[in-house]
Amino acid sequence: MLFVCYPKCGTCKKAEKYLLEKGISFNKRDIKEDKPTLEELQTWYKASGLPLKRFYNTSGNLYKELGLKDKIKTMSEEEQLKLLATDGMLVKRPIVVTEEFVLIGFKEDEWKAKGL
């Protein structure tokens, strides 16, 4: 299992603690130091079944600075995925990637429903 996070993020810390307490092993990846590639984002997006908007870190400074709330409404999926691939801080985290599913953000009920 891949756990993509930002180590300074409170939600990511909470999610990591959750996984550790459950005894779930994972490979940890810093989203800022090792940002997701366009190919990874395309794969994760398809596997997640979620709207692309869920992949944005809408509470992040960069999202707000770039005025993306309105801009993404007029962008194609491909343009949005390319934008997300430019900076890991634009991407919502944590992200859990397994062979069976992709989870975006930490919602304990969603995680439990997937057996985590």
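**Close-up views of a predicted model**

Isoleucine 72 touches Tyr56, Tyr63 and Gln80, when residues up to four places away in sequence are not counted; contact here means heavy atoms within 4.5 Å. This is a predicted model, in which local features need pLDDT of at least 70 and side-chain atom pairs count only at pLDDT 80 or more, while totals for chains, interfaces and linings use all residues. Residues are numbered from 1 along each chain as its sequence is written, and side-chain values use heavy atoms, with hydrogens and water left out.

View 1. Isoleucine 72 is found in the loop between helix H4 (68-71) and H5. Helices (H or I, at least four residues) and strands (E, at least two) are DSSP runs, numbered from the N terminus. At 8% relative accessibility, isoleucine 72 counts as buried. Buried means under 20% relative accessible area, exposed over 50%, and partly exposed in between, with a 1.4 Å probe and protein chains only. The C-alpha atoms of isoleucine 72 and valine 91 are separated by 13 Å, and these residues are 19 residues apart along the chain.

**View 2. The largest nonpolar core.** This core has 40 residues, of which Phe3, Trp44, Phe55, Leu84, Ile95, Trp111 and Leu116 touch the most other members. At least two residues of the core come from each of strand S1 (2-5), helix H1 (10-21), helix H2 (38-48), helix H5 (77-84), strand S3 (95-97) and strand S4 (102-104). A nonpolar core is a set of buried Ala, Val, Leu, Ile, Met, Phe, Trp, Tyr and Cys residues joined through side-chain atoms within 4.5 Å. Leucine 84 touches Leu41, Leu52, Phe55, Tyr56, Leu90 and Val91, not counting residues up to four places away in sequence.

**View 3. Packing of H2 against H5.** Two packed helices are described by the angle between their axes and the distance between the axes. The angle between H2 and H5 is about 125°, and their axes are 9 Å apart. H2 is therefore oblique to H5. Angles under 35 degrees count as roughly parallel, over 145 as roughly antiparallel, 65 to 115 as roughly perpendicular and the rest as oblique. Axes are lines fitted to C-alpha atoms, for helices over the stretch in contact, and angles run from 0 to 180 degrees between N-to-C directions. On the H2 side the contact is made by Leu38, Leu41, Gln42 and Tyr45, and on the H5 side by Glu77, Glu78, Leu81, Lys82 and Leu84.

View 4. Arginine 93 and proline 94 are joined by a cis peptide bond, with omega about 0°. Most peptide bonds are trans. Proline 94 lies in the loop between H5 and S3.

**View 5. Glutamate 16 in helix H1.** Glutamate 16 lies in helix H1. Its relative accessible area is 18%, so glutamate 16 is buried. Leaving aside neighbours within four places in sequence, glutamate 16 is in contact with Phe3, Phe26 and Lys28.

View 6. Isoleucine 24 lies in the loop between H1 and strand S2 (27-30). Leaving aside its neighbours within four places in sequence, isoleucine 24 is in contact with Met1, Leu19 and Leu116. Isoleucine 24 and methionine 1 are 23 residues apart in sequence and 8.7 Å apart in space, C-alpha to C-alpha.

**View 7. Glutamate 40 in helix H2.** Glutamate 40 is found in helix H2. With a relative accessibility of 22%, glutamate 40 counts as partly exposed. Glutamate 40 touches Arg29 and Lys35, not counting residues up to four places away in sequence.

**View 8. Glutamate 110 in helix H6.** Glutamate 110 is found in helix H6 (residues 108-113) and is partly exposed, with a relative accessible area of 30%. Leaving aside its neighbours within four places in sequence, glutamate 110 is in contact with Arg54, Leu103 and Ile104. Glutamate 110 and isoleucine 72 are 38 residues apart along the chain, and their C-alpha atoms are separated by 26 Å.
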